[in-house]
Amino acid sequence: MRKIGPADLATFLAIAQHSSFRKAAVELGVTASALSHALRSIEERLEIRLVNRTTRSVALTDAGQQLFSRVKPAFLDIEDALDDLNAFRGQPSGKLRINAARAAAKLVLLPIVSKFLQAYPAVEVELLVNDALVDMVAEGCDAGVRFGEMVAADMIAVPIGPRHRFAVVASPGYFEQHPEPVTPHDLSRQPCIRYRFAGGSFYQWEFEKGGIELEIEVTGPLTLGDQDLMIGAALDGAGLAYLFEDQVQIHVAEGRLQRVLEDWCPYYPGFFLYYPSRRQLPTAMRAFVDFLKVSR
């Protein structure tokens with residue numbers, strides 16, 4: 001067997017982590033074609049197939065999975081060793097990649113990141129905004145931001161930002177043609193602006209009052225996958241919308257939107273920054289987590 005070096009293993013790791021030649025190529029700064037040739041060369045030298053690839057998918061073979069599970073921890077140790085050198089620079093440095101839902105990024109994450117970068121100018125932060133529930137580790141991210149109920153149990157979670165609540169709103173013109181709902185059950189008889197997740201499922205509107213919890217699957221002629229568009233549609237009178245209170249409070253205060261069912265909309269713990277449990281956090285990540293804790 002001809003020699004396999006660290007650069008070859010780094011190439012294999014990128015492909016294995018992303019399950020995509022295209023995404024791995026972006027990370028490594030090469031073309032997908034060059035990456036495919038590099039993997040083929042590695043497999044020929046090892047005399048064993050590591051990856052099964054079709055026109056639509058990339059999947060590890062049993063041998064590839066075993067190599068991945070053995071090599072990845074070693075590379076993490078190398079990353080930790082290099083990151084330890086940041087202590088000699090006097091301040092945290094490095095890159096931080098955070099995946100977040102659009103609402104989380106806009107409402108809580110971006111303001112905190114902006115202040116963090118002022119305090120730690122040697123750190124670079126990249127925000128990857130995606131409303132789909134993605135595997136942030138597989139996407140090459142250091143952390144993610146989601147509601148607490150959506151954070152996997154094997155992750156470390158740190159509260160970020162204040163509590164949040166939802167609001168049911170519509171334009172004054174809408175209520176000239178439709179009665180105000182008194183209970184969440186009344187929503188079944190009114191046109192609602194539905195939200196569809198990137199994965200294809202519809203969001204069910206959640207309510208609670210006096211210990212009674214309800215999840216209402218609303219109907220309506222308009223379905224959107226972007227909350228900013230939902231606000232615009234509600235302003236145009238397209239129907240009732242279910243959005244974060246902070247997203248619509250200025251429109252409610254200035255009379256462009258009217259709020260209903262407010263007593264059925266409780267506060268929720270809010271968003272959490274989550275990241276995988278590791279023996280040692282990268283310097284930039286550790287600085288960001290500490291910054292969150294003192295900023296609360």
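Biologist: Leaving aside its neighbours within four places in sequence, which residues is N130 in contact with?

Modeller: N130 is in contact with N99, A100, A101 and R146, where contact means heavy atoms within 4.5 Å. This is a predicted model, in which local features need pLDDT of at least 70 and side-chain atom pairs count only at pLDDT 80 or more, while totals for chains, interfaces and linings use all residues. Residues are numbered from 1 along each chain as its sequence is written, and side-chain values use heavy atoms, with hydrogens and water left out.

Biologist: Why is N130 called partly exposed?

Modeller: Its relative accessible area is 29%. Buried means under 20%, exposed over 50%, and partly exposed in between, with a 1.4 Å probe and protein chains only, so N130 is partly exposed.

Biologist: And what makes E43 buried?

Modeller: E43 has a relative accessible area of 8%, so E43 counts as buried.

Biologist: Which backbone nitrogen does the side chain of E43 reach?

Modeller: That of L50, at 2.8 Å. Leaving aside neighbours within four places in sequence, E43 is in contact with I48, R49, L50, V51 and R53.

Biologist: Why is α1 called oblique to α2?

Modeller: Helix α1 (residues 6-18) and helix α2 (residues 21-28) pack at about 130°, with axes 8 Å apart. Angles under 35 degrees count as roughly parallel, over 145 as roughly antiparallel, 65 to 115 as roughly perpendicular and the rest as oblique, so α1 is oblique to α2.

Biologist: Which residues of α1 make that contact?

Modeller: T11, A14, I15 and H18 of α1 meet F21, K23, A24, E27 and L28 of α2.

Notes
Polar contact = N/O pair within 3.5 Å; in protein donor to acceptor, adjacent residues only side chain to side chain. Axes fitted to C-alpha atoms, helices over the stretch in contact; angles between N-to-C directions. Helix = DSSP H or I, 4+ residues; strand = E, 2+ residues; numbered from the N terminus.
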